[in-house]
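Could you walk me through this structure?

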Amino acid sequence: MGSLGWEGNTNTQENSCKALQCDCLTFWEIHQQEAMKRVSNLTDAKKNLYKLEPGYEARARRIASVYAKIYLEQENHGNKQLIGRYYWMGLGAFASKTVAAIFKHGLTTWGYKWVPIGVIRDPVHSFAKGNLWLFMDIAPWHYAWNMSSKSFNQCKTQRNVLKFTHIKEEVCNVPWSNCLPIIKHLQSTPEITKAFDLLPKIEAVFKRKGKTRKENFTLAAKDLFKHLLAIAVQEQRNILQELVWKDWKVEAQATLQRYTNLPDSTLVLSSDYSAEAVKFVRKSQSVLPSAYNRQSMEKVYKGRHEGVLDQLPESVYSEQLANTRVANYDSRMEWINEAAKKYHRLMLSDKGRLFLEKELVIIAGWANSKADFKVGKDSNDGKI
């Protein structure tokens with residue numbers, strides 16, 4: 001099957017871990033394998049053989065789909081009563097969609113094909129690496145909590161890819177697995193502990209009977225936002241800063257992008273790739289004085305969002321702050337904090353939350369994406 005191929009070695013039956021009373025390492029291997037399956041294609045059902053999806057855009061879309069499904073409680077062992085408890089996952093779905101959009105952008109595809117090796121290709125691979133290994137880190141934590149919060153807490157400190165016995169070789173076949181020492185072999189961190197320690201309080205609020213979702217989100221608001229920020233730090237500092245932003249070529253590309261805005265890195269809180277899809281246009285000016293022409297000041301949205309976005313409390317896109325230097329962790333986090341606050345305000349509004357969750361349903365449907373941006377033999381850390 002090639003070096004990207006791998007075989008599922010653990011039991012494929014749901015709830016098999018509970019039935020077999022597996023140890024903690026096997027518990028984590030089951031969830032790691034589940035994550036790997038989401039970005040792979042089944043090539044032989046009888047032999048349980050998979051091959052990693054080779055397209056960078058397609059992978060980012062599939063990862064966004066998983067995040068959306070986890071938020072929507074559509075993944076294994078999800079609980080519809082608790083939709084929203086995995087607060088970061090909603091924002092993470094929109095973020096991974098943004099990565100997919102960057103891979104789709106004409107400048108990326110053209111540059112990857114024609115610009116001398118290293119100038120654009122290396123940053124492209126770095127973004128794909130960060131997107132993939134962030135997913136490999138964060139998804140299994142959520143799968144594990146979904147299956148059993150008790151087992152999660154008992155086994156939390158024992159997650160360590162270096163000690164895997166059943167699927168260690170398969171994990172090492174994943175592109176850029178040589179980064180595992182840099183990200184501590186996916187072991188627990190203070191940020192993971194902080195984020196998941198908040199979940200019982202959030203879940204208790206969401207399980208209240210006779211309360212509206214707005215009441216529950218409002219009551220749990222502080223803990224939801226703390227949960228989101230803890231995982232945002234895990235994502236940005238512990239994973240992406242190490243795997244992506246310390247690369248000088250990525251920083252150089254980011255500096256160029258800052259001045260050209262190409263590709264556009266605006267975080268769009270919808271399933272749209274382009275920020276223009278969620279930005280308003282002014283209605284045509286009337287020949288009458290503006291005092292007699294209120295419509296001249298109205299914000300009008302076109303396309304599928306017409307009559308929808310103008311009902312929301314605020315816009316659904318977040319551009320980089322004027323002084324944002326994305327390669328710098330502290331500077332980047334300032335922007336991410338503002339984007340998170342926007343997401344949070346929208347989620348606390350019934351109309352805003354309805355819009356975001358409808359968009360997440362669309363993204364959740366990208367699980368089997370086969371997208372345009374494909375890579376060649378120079379990619380995937382040589383594993384293709």
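Predicted model: local features only at pLDDT ≥ 70, side-chain atom pairs only at ≥ 80, totals over all residues.

User: How are α3 and α6 placed relative to each other?
Analyst: Helix α3 covers residues 56-71 and helix α6 covers residues 121-147 (helices are DSSP runs of H or I with at least four residues, strands are runs of E with at least two, and both are numbered from the N terminus). Their axes sit 10 Å apart at an angle of about 25° (axes are lines fitted to C-alpha atoms, for helices over the stretch in contact, and angles run from 0 to 180 degrees between N-to-C directions). Under 35 degrees counts as roughly parallel, over 145 as roughly antiparallel, 65 to 115 as roughly perpendicular and the rest as oblique. So α3 and α6 are roughly parallel.

User: Which class has 13 residues in the contact of α3 with α6?
Analyst: On the α3 side, Tyr56, Arg59, Ala60, Ile63, Val66, Tyr67 and Ile70 make the contact (heavy atoms within 4.5 Å), and α6 brings residues including Phe135 and Tyr143. Ala, Val, Leu, Ile, Met, Phe, Trp, Tyr, Cys and Pro count as nonpolar, Asp, Glu, Lys and Arg as charged, and the others, Gly among them, as polar. Here, three are polar, one is charged, and the 13 are nonpolar.

User: How do α5 and α6 lie relative to each other?
Analyst: Their axes come within 9 Å and cross at roughly 125°. That makes the pair oblique.

User: How many charged residues are in the contact of α5 with α6?
Analyst: Thr108, Tyr112 and Lys113 of α5 meet Arg121, Val124 and His125 of α6. By class, two are nonpolar and two polar, and the charged ones number two.

User: How does α6 lie relative to α13?
Analyst: The two axes cross at roughly 105° and come within 9 Å. This pair is therefore roughly perpendicular.

User: Which residues of α13 make the contact with α6?
Analyst: This contact has three nonpolar, two polar and two charged residues. From α6 come Asp122, Pro123, Ser126 and Phe127; from α13 come Lys249, Val250 and Gln253.

User: Which element gives the largest share of the lining of the second largest cavity?
Analyst: On a 1 Å grid over the protein atoms alone, a cavity is a set of points where a 1.4 Å probe fits but cannot get out, a pocket is an open set with protein on both sides within 12 Å along at least five of seven lines, and lining residues have an atom within 4 Å of a point. This cavity has a volume of about 30 Å³ (the space filled by probe spheres set on the points, which are joined across faces, edges and corners). Its lining includes Phe103 and Asn131, and α3 and α6 each supply at least two residues. The largest share, four residues, comes from α3.

User: Which element gives nine residues to the lining of the largest pocket?
Analyst: The largest pocket holds about 1,000 Å³ of space, and of its 41 lining residues, Val99, Ile102, Phe127, Trp245 and Ser265 are the closest to its centre. The lining has 27 nonpolar, twelve polar and two charged residues. Among the elements giving two or more are α6, α12 (221-245) and α14 (329-347). The nine residues, the largest share, come from α4.

User: How far apart in space are tyrosine 317 and alanine 339?
Analyst: Tyrosine 317 is found in strand β7 (residues 317-318). Beyond its neighbours within four places in sequence, tyrosine 317 is in contact with Thr266, Leu267, Val268, Val278, Lys279 and Lys342. Tyrosine 317 and alanine 339 are 22 residues apart in sequence, and in space the C-alpha to C-alpha distance is 8.1 Å.

Notes
Residues numbered from 1 in each chain as written. Heavy atoms only, no water.
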